[in-house]
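Okay, thanks for having me, everyone. Let me put the structure up, and then I'll walk you through it piece by piece.

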Amino acid sequence: MSTLQLWGQYLPQFLAGLVVSLQLTGAALVLALALGTLLVLARTGRIRILAAIATGYVEVFRAVPVLVLLFTAYYSLAQLGLRLPGFWAGVVALGAFYGTLYGEDMRSGLQSVDPGQREAAVALGLSNGAVMRRVVLPQAFLAFLPPGTNELSNLIKDTSLVLTIGVTDLMFQANAAAAATFQPMDMFLLAGVVYFAFYILLSRILARWELNVQRRRS
Amino acid sequence: MSSDVVVDIEGLTKRFGPRTVFEDISLQVQRSEVVAVIGPSGAGKSTFIRCINYLHPFDAGRIRVLDHELVGGGAPPSKATLRQIRMQVGMAFQTFNLFPHLTALGNVMLGPMETKRVPASDARDKAMALLTSVGLADRAEAYPRRLSGGEQQRVAICRALAMDPEVMLFDEPTSMLDPEMVGEVLGTIRGLAAQGMTLILVTHEMQFAKEVADTVVVMADGRVVEKGPARDVLEHPTSERSRTFLTRVLKPLETVEDGQEQGQHGGQESGPGATTALGGDHP
């Protein structure tokens with residue numbers, strides 16, 4: 001069978017895998033953003049102990065390979081009696097890791113806002129909430145977008161690690177197809193093509209979105 | 001005490017850690033009075049003016065703005081007191097600090113909409129009227145980065161005026177401006193003074209202070225070294241410290257005017273422009 005025939009035969013399976021990869025990406029992204037927000041609140045807040053915990057969390061989780069986190073979520077937690085399905089172990093591991101990155105992106109976004117902006121808003125008589133909502137966050141968001149979208153691209157690629165714990169994502173399908181056909185070259189090439197196509201599509205969309213947000217403000 | 005006192009400052013003292021920025025400063029500002037605060041770099045002028053709307057907390061003394069009082073040291077003022085004071089005290093900054101994600105109009109509308117729940121249409125009408133009054137009606141939809149420094153500062157003044165403040169603070173409003181834009185901003189401030197707005201401004205524009213201010217306060221080494229009617233203080237300073245300061249600021253001006261550069265600047269703002277470069281108070 002030629003490469004194209006093989007691809008045609010396995011494409012539906014690959015696309016089913018892509019759907020799993022995307023679901024995993026989406027769920028991990030939600031968790032990572034929520035966790036990142038909590039980390040920023042804790043680290044910039046006034047409660048010392050929370051700030052220390054958040055800082056410790058970031059230091060540790062940023063330094064550990066995602067694969068270690070993945071195996072911990074899947075195997076180690078199971079040993080402790082918490083048996084997570086593979087998909088959710090993936091969400092937890094990726095969310096826990098990317099939460100640290102998003103937390104840092106959000107923090108640097110907030111820090112990028114000129115202190116004079118807060119002063120000017122405060123001097124107008126705005127409440128603390130209004131200062132954040134109307135002045136600081138809109139500017140911090142703009143600074144957060146480029147690293148934030150970059151993180152998302154990496155997150156999509158890192159979902160391929162869940163193959164190792166048996167989640168039927170795109171990489172899992174490619175691996176299974178390679179084993180069944182004895183054509184690893186063709187099958188992993190196809191996986192690469194599907195990842196690549198999706199990556200390009202998404203980064204185009206994100207870049208356009210970023211540009212729109214920026215253009216609206218100049 | 002006269003009911004016409006808008007700002008009453010008594011014994012104001014500010015420290016940054018072990019360093020005393022200024023000590024025991026008292027100042028009463030009457031309605032429609034224009035007070036210029038001058039003095040050498042590092043004298044604490046900007047820090048002083050920023051205490052009035054509590055952008056900086058202070059360590060001792062008290063500030064009363066109409067019916068609301070801030071007391072130094074001790075517990076910080078209540079949120080309600082701070083809000084009341086900040087709504088009555090407008091401020092323009094050295095670096096303008098316009099909100100870059102909002103248009104000129106949006107900048108001017110924000111305060112009343114957020115703090116007084118003024119409907120957008122009313123806020124818009126008022127903002128347009130203010131922008132028109134400073135000659136910027138046609139720039140209303142422009143974002144700050146498309147505006148010149150002078151235009152930005154005028155928008156920033158409108159932003160503060162939209163809150164109908166009882167007193168306006170100016171923290172070196174022209175020292176970040178190119179010389180050719182200083183005049184338009186000073187013109188706007190002059191207009192406010194003519195309308196009877198109470199003004200407190202930190203400035204290096206001696207000529208402007210002489211022309212517009214009723215009272216000049218000279219700060220040096222963390223103290224008020226001289227205070228009095230503008231012309232008296234600027235032309236016949238009595239304290240030794242303000243005399244040295246004024247000589248240093250005004251002398252280079254004379255050399256510039258006598259020297260070969262004469263004619264290059266032209267206009268009445270050229271002198272102060274030169275002193276700004278020499279006596280800048282930038283951190």
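Before I start on the strands, a word on pairing: I call two strands paired if DSSP finds at least two bridges between them. The strands and helices themselves are DSSP runs, numbered from the N terminus, with helices being H or I of at least four residues and strands being E of at least two. What you have here is a predicted model, where local features need pLDDT of at least 70, side-chain atom pairs count only at pLDDT 80 or more, and totals for chains, interfaces and linings use all residues. Residues are numbered from 1 along each chain as its sequence is written, and chains are lettered from A and ligands numbered from 1 in the order in which they are written.

So, that bridge definition in use. In chain B, E4(B) and E5(B) run antiparallel and are joined by four bridges, with Arg64(B) standing opposite Glu69(B) in E5(B). H2(B) packs on the sheet there, touching E4 and E5 of chain B, and its direction makes about 115° with that of E5(B). For angles, axes are lines fitted to C-alpha atoms, for helices over the stretch in contact, and the angles run from 0 to 180 degrees between N-to-C directions. Contact, by the way, is two residues whose C-beta atoms, placed from the backbone, lie within 7 Å.

Zooming out, these strands belong to an open, antiparallel sheet of four in chain B, ordered E2-E1-E4-E5. At the edges are E2 and strand E5 (68-71) of chain B, each pairing on one side only. From one strand to the next the twist averages 15°. Strand E1 (residues 5-16) and strand E2 (residues 19-30) of chain B pair antiparallel over eight bridges, and Leu12(B) has Ile25(B) as its partner in E2(B). Their hairpin has two residues between the strands, and Gly17(B) in it takes a positive phi near 60°. On to E1(B) and strand E4 (residues 60-65) of chain B: antiparallel again, over five bridges, with Val7(B) partnered by Val65(B) in E4(B).

Now the other sheet. It's open, has six strands in the order E6-E7-E8-E3-E9-E10 of chain B, and its pairing is mixed. E6 and strand E10 (223-229) of chain B are at the edges with a single partner strand each, so one side of each has no neighbour in the sheet. How is E6(B) paired with strand E7 (residues 167-171) of chain B, parallel or antiparallel? Parallel, over four bridges. Met91(B) stands opposite Leu169(B), and Ala92(B) has Phe170(B) as its bridge partner in E7(B).

In a regular strand the side chains alternate between the two faces of the sheet. In strand E6 (residues 89-92) of chain B both faces are covered: Val89(B) and Met91(B) on one side, Gly90(B) and Ala92(B) on the other, all buried. Buried means 20 or more other C-beta atoms, placed from the backbone, within 10 Å of the residue's own; exposed is 12 or fewer, and partly exposed is in between. H5(B) lies across E6 and E7 of chain B, running at about 170° to E6(B).

Next, H3(B). Why call it largely enclosed by the rest of the structure? Because 10 of its 12 residues are buried, including Leu105(B), Met109(B) and Glu114(B). Those buried residues pack against helix H6 (128-158) of chain A, as well as helix H4 (120-133) and helix H5 (149-161) of chain B. Just after H3(B), Arg117(B) takes a positive phi of about 55°.

That takes us to the interface, where 19 residues of chain B are in contact with 16 residues of chain A. On the chain B side, helix H2 (79-88) and helix H3 (104-115) each supply at least two residues, and H3(B) gives the most, with four.

Chain A has eight helices and zero strands, and 35% of its 218 residues count as buried. Its C-alpha trace spans about 75 × 50 × 20 Å along the principal axes.
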